[in-house]
Amino acid sequence: MEPQKQFFPLESDIPKELFLAEQLEQKDYLVNGELKQWSGAVQEVFSPVYIQDNSGLKRKRLGSFPILGEKESFEALDAAKQAYDLGRGVWPTMPVKKRIEHMLKFTKMMKEQKANVVKFLMWEIGKTYKDSEKEFDRTVEYILDTIEALKNLDRDSSRIEKKNEIYAQIRRGPLGITVCMGPYNYPLNETFALLIPALIMGNVVIFKPAKHGVLLIHPLLNAFKECFPNGVINIIYGHGKDTIAKLMESGKIDVFSFIGSSKIANVLKKAHPKPNRLRSVLGLEAKNPAIVLQDADLELAVNECILGSLSFNGQRCTALKIIFVHEKIADAFNALFIQKLEKLKMGMPWEDGVMITPLPEPDKPAYLKELIEDAKTKGAKVLNKNGGDINESFVYPAVLYPVSSEMRVYHEEQFGPVVPILSFKNISEPIQYIVDSNFGQQVSIFGTNSQELAELIDPLVNQVCRVNINSQCQRGPDMFPFNGRKDSAEGTLSVFDALRVFSIRTMVACKEIELNKKILSEIIEERSSNFLSSDYIL
């Protein structure tokens with residue numbers, strides 16, 4: 001690792017076009033179509049990036065945001081209730097075509113704020129500039145794909161069906177008041193993967209940003225205000241126990257959409273007094289393993305495991321968080337892994353080609369150090385030079401081997417640049433790990449024997465929700481389902497599935513008698529109902 005004096009930059013080292021010269025002291029929040037002003041307590045926001053000056057290293061201060069409380073949360077709930085109005089509100093009864101028009105207007109205004117959002121994304125969570133741009137662009141693409149998927153869904157619903165002398169039109173309707181809370185590692189993309197389908201299906205939303213990556217939402221507040229009817233989208237800030245927990249206790253929340261830890265999700269779900277009426281859409285922890293078979297293409301396996309375990313410092317729910325390698329190739333795998341790890345660029349998020357950057361969570365370095373020391377006391381070694389060294393918010397990646405079940409890192413989701421590796425003799429060992437795990441999101445298998453792979457695929461698809469062959473675990477493409485078994489998820493997300501998870505099938509039906517046929521014909525011809533309609537969206 002480079003000496004502390006040289007690792008973090010001087011202000012003059014930072015590209016001027018990417019430097020945040022002015023701090024954002026956010027005082028506004030969005031409720032009932034109004035940007036309300038806050039004069040109470042605020043939460044200061046600091047970047048994971050430290051900057052050198054004459055007095056030493058100082059964490060770059062980015063600004064602050066409001067710490068709202070119970071009163072402001074219930075103002076948001078009241079606004080959402082009024083906007084939904086028991087399903088009679090303007091937004092839930094609006095034709096799909098009109099809701100799409102609102103979303104397209106929002107997308108246009110959102111794109112105008114790309115530079116500001118990307119800059120805050122980079123500075124707030126330490127994501128590389130290029131990856132921050134990719135997250136923004138991917139989010140815009142996700143919105144547009146969602147719109148197209150909704151058009152297709154509505155086209156399929158734009159006809160009246162007849163079965164057993166019953167006429168019926170079946171459409172998907174909104175569920176009601178939705179709470180939306182996204183994760184700090186993808187505070188734009190994964191948050192909007194909840195927010196956008198919830199909105200476009202006619203629900204009203206109370207949105208609280210993640211604990212990190214808050215200020216990047218500020219450039220979009222006006223777009224939300226201008227593009228949606230009053231109360232349809234309400235954006236609040238503060239501590240979850242004082243805001244969202246209180247809303248859940250009210251029993252007035254219909255949908256709880258959340259990406260984060262199962263511990264927090266369980267607390268918030270249990271706070272709801274009527275759990276049977278609560279729809280939960282959850283993306284939670286994962287401890288995705290890689291299984292490297294004896295006949296694996298070593299170069300391919302190592303390249304994918306490097307990316308899978310260390311992209312964005314391993315701070316992805318889909319990251320490879322434990323690697324099982326057949327004992328006959330373990331030494332060769334480890335040697336090549338270390339060789340390639342040492343070539344990774346580590347530095348500031350605006351640097352070209354950088355992969356390992358400072359960590360946004362202030363307590364994360366100490367936690368990772370605990371995992372490393374625990375593993376070392378129980379027989380593991382740090383294979384790479386400087387592995388686990390800490391420099392303020394930066395943790396040098398640590399490769400641990402051999403890892404065993406007595407170690408914390410074997411069980412806990414590290415969510416950081418620590419790579420646990422262990423060898424296996426019999427394939428039943430990693431399989432049993434997956435069976436015993438509390439999580440069931442994905443697995444990566446590396447091998448070249450199609451018969452052996454086939455024999456693994458069949459049982460594994462009943463333990464996890466995605467089996468990746470000779471590739472790292474990942475979420476995309478967004479058209480594919482993203483979900484998990486056990487404690488890893490509840491509900492399925494994708495461009496296609498999210499529209500369904502944030503809605504419910506409803507229908508209008510009547511017997512085939514002349515009076516009903518006359519009524520149906522008049523309603524459709526006069527376009528007097530937005531639900532009972534044969535309009536076809538082009």
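Which residues does P187 touch, not counting residues up to four places away in sequence?

## P187 and its surroundings

P187 touches L121, I125, E135, H212, G213, L216 and I217, where contact means heavy atoms within 4.5 Å. This proline lies in the loop between β8 and α7; helices (H or I, at least four residues) and strands (E, at least two) are DSSP runs, numbered from the N terminus. P187 is buried, with a relative accessible area of 3%. Here buried means under 20% relative accessible area, exposed over 50%, and partly exposed in between (1.4 Å probe, protein chains only). Between P187 and V214 there are 7.8 Å in space, C-alpha to C-alpha, and 27 residues in sequence.

A word on the basis of all this: the model is predicted, local features need pLDDT of at least 70, side-chain atom pairs count only at pLDDT 80 or more, and totals for chains, interfaces and linings use all residues. Residues are numbered from 1 along each chain as its sequence is written, and side-chain values use heavy atoms, with hydrogens and water left out.

## The seven-stranded sheet

Seven strands make an open sheet with mixed pairing, in the order β17-β20-β21-β14-β13-β23-β24; two strands pair if DSSP finds at least two bridges between them. At the edges stand β17 (381–382) and β24 (466–469), each with a single partner strand, so one side of each is left without a neighbour in the sheet. Further in, β14 (residues 320–326) pairs with β21 (residues 418–424) in the parallel sense over four bridges, and H326 stands opposite F424 in β21.

Helix α11 (residues 298–310) packs on this sheet, touching β13 (288–292), β14, β21 and β23 (442–446), and its direction makes about 155 degrees with that of β14. Axes are lines fitted to C-alpha atoms, for helices over the stretch in contact, and angles run from 0 to 180 degrees between N-to-C directions. Helix α13 (residues 364–377) lies across β17, β20 (398–401) and β21, at about 25 degrees to β20.

## The three-stranded sheet

Another open sheet has three strands in the order β6-β7-β27, with antiparallel pairing. Its edges are β6 (161–163) and β27 (503–511), each with a single partner strand, so one side of each is left without a neighbour in the sheet. From one strand to the next, the twist averages 35 degrees. Three bridges link β6 with β7 (residues 166–174) in the antiparallel sense, and E161 stands opposite A168 in β7.

The loop between β6 and β7 holds N164. N164 has a positive phi of about 50 degrees although it is not a glycine, and it is exposed, with a relative accessible area of 74%.

## Helices and their partners

Helices α4 (residues 96–111) and α7 (residues 189–200) pack at an angle of about 145 degrees, their axes 10 Å apart. R99, I100, M103, F106 and M110 of α4 meet F192, I196, L199 and I200 of α7. By class, this contact has eight nonpolar, no polar and one charged residues; Ala, Val, Leu, Ile, Met, Phe, Trp, Tyr, Cys and Pro count as nonpolar, Asp, Glu, Lys and Arg as charged, and the others, Gly among them, as polar.

Helix α10 (residues 262–271) has S262, A265 and L268 as its buried residues. Seen down the axis of α10, they fall within an arc of 130 degrees, so they line one face of the helix; the arc is that of the directions from the helix axis to the C-beta atoms. The face turned away from the buried side of α10 carries the exposed residues K263, V267 and K270. What covers the buried residues includes β8 (177–181), α9 (244–249), β11 (255–259) and β12 (279–283).

## Aromatic groups and cis bonds

The structure holds 17 aromatic pairs. Rings of Phe, Tyr and Trp (its six-membered ring) pair if their centres lie within 6.5 Å; planes under 30 degrees apart count as stacked, over 60 as edge-to-face and the rest as tilted. F256 and F258 form a stacked pair, 5.7 Å centre to centre with 20 degrees between the planes. One aromatic cluster is formed by W91, F106, F192, F224 and F228.

Most residues other than glycine have a negative phi, and most peptide bonds are trans. A cis peptide bond joins Y401 and P402, with omega about -10 degrees, and the bond from G476 to P477 is cis too, with omega near -5 degrees.
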